[in-house]
Amino acid sequence: MLMTAFGGVMWLIFTAMLAMAVVAFVMAALFREDAYRAADKQNKGFWLIILGIAVAVNLFVPMLFLQLAGLVATIVFFVDVRPALQQVSGGRGWGRRRGGSSSDGPYGPYNGGR
């Protein structure tokens with residue numbers, strides 16, 4: 001019974017590691033290439049390869065050491081690279097609106113001629 005509970009906990013941990021790697025990969029893909037250069041981080045291709053390998057290892061290679069290496073790369077992306085990319089992108093991350101309300105024009109809010 002104890003081994004069954006341990007196996008369930010480990011499955012949850014591995015699933016969480018896979019989910020984090022997939023989310024980081026998608027985020028890395030959605031930022032523009034010039035944002036990586038402006039943030040003085042590695043280029044977009046580098047992060048896509050590293051995070052793609054992390055996803056592949058979590059899916060296909062049941063080696064804890066490699067999965068932990070992928071987790072470290074994922075955490076580095078979330079803690080260091082993503083905030084820097086958001087800062088140079090004007091605070092806009094993936095999935096966020098550009099800013100303002102729906103009635104804003106290119107030069108500010110549209111007030112209907114008032």
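Helices (H or I, at least four residues) and strands (E, at least two) are DSSP runs, numbered from the N terminus. The model is predicted: local features need pLDDT of at least 70, side-chain atom pairs count only at pLDDT 80 or more, and totals for chains, interfaces and linings use all residues. Residues are numbered from 1 along each chain as its sequence is written, and side-chain values use heavy atoms, with hydrogens and water left out.

The chain holds 4 helices and 2 strands. From the N terminus, their order is α-α-α-α-β-β. Confidence is given as pLDDT, the predictor's score for each residue from 0 to 100. The chain average is 84, and 76% of the residues score at least 70. Helix α3 has the highest mean, 95, and strand β1 (residues 104–105) the lowest, 64. Where pLDDT is low, the predicted coordinates should not be read in detail.

Burial was assigned from relative accessible area: buried means under 20%, exposed over 50%, and partly exposed in between (1.4 Å probe, protein chains only). Of the 114 residues in the chain, 24% are buried. The chain exposes about 7900 Å², with 68% of it supplied by carbon and sulfur atoms. These areas come from the Shrake-Rupley method with a 1.4 Å probe; for residues, only the protein chains shown count as cover. Contact means heavy atoms within 4.5 Å. Among contacts between residues at least 6 apart in sequence, 63% join residues at least 24 apart.

Helix α4 has 25 residues and spans 35 Å from its first C-alpha to its last, close to the expected 36 Å. The expected span is 1.5 Å times one less than the number of residues. The helix bends by about 40 degrees at F77. This bend is the angle between axes fitted to the seven residues ending there and the seven starting there. Buried positions in α4 include Q67, G70, A73, T74, F77 and V81. An α-helix has 3.6 residues a turn, so residues three or four places apart point the same way.

A73 lies in α4 (residues 64–88). Its relative accessible area is 14%, so A73 is buried. Beyond its neighbours within four places in sequence, A73 contacts W47, I50 and L51. A73 and A24 are 49 residues apart in sequence, yet their C-alpha atoms are 9.5 Å apart in space.

The whole structure contains 3 aromatic pairs. Rings of Phe, Tyr and Trp (its six-membered ring) pair if their centres lie within 6.5 Å; planes under 30 degrees apart count as stacked, over 60 as edge-to-face and the rest as tilted. The ring centres of F46 and W47 are 5.4 Å apart and their planes stand at 85 degrees, so this pair is edge-to-face. F46 is partly exposed at 34%, whereas W47 is buried at 8%. F77 and F78 also pair edge-to-face, at 6.2 Å centre to centre and 65 degrees between planes. F77 is buried at 0% relative accessibility; F78 is partly exposed at 21%. F46, W47, F77 and F78 form one aromatic cluster.

Two loops complete the description. S89 lies in the loop between α4 and β1. With 16% relative accessibility, S89 is buried. S89 touches F31 and A35, residues up to four places away in sequence not being counted. Just after α4, G90 adopts a positive phi of about 80 degrees. D40 sits in the loop between α2 (33–38) and α3 (44–60). D40 is not a glycine, yet has a positive phi of about 60 degrees. D40 is exposed, at 68% relative accessibility.
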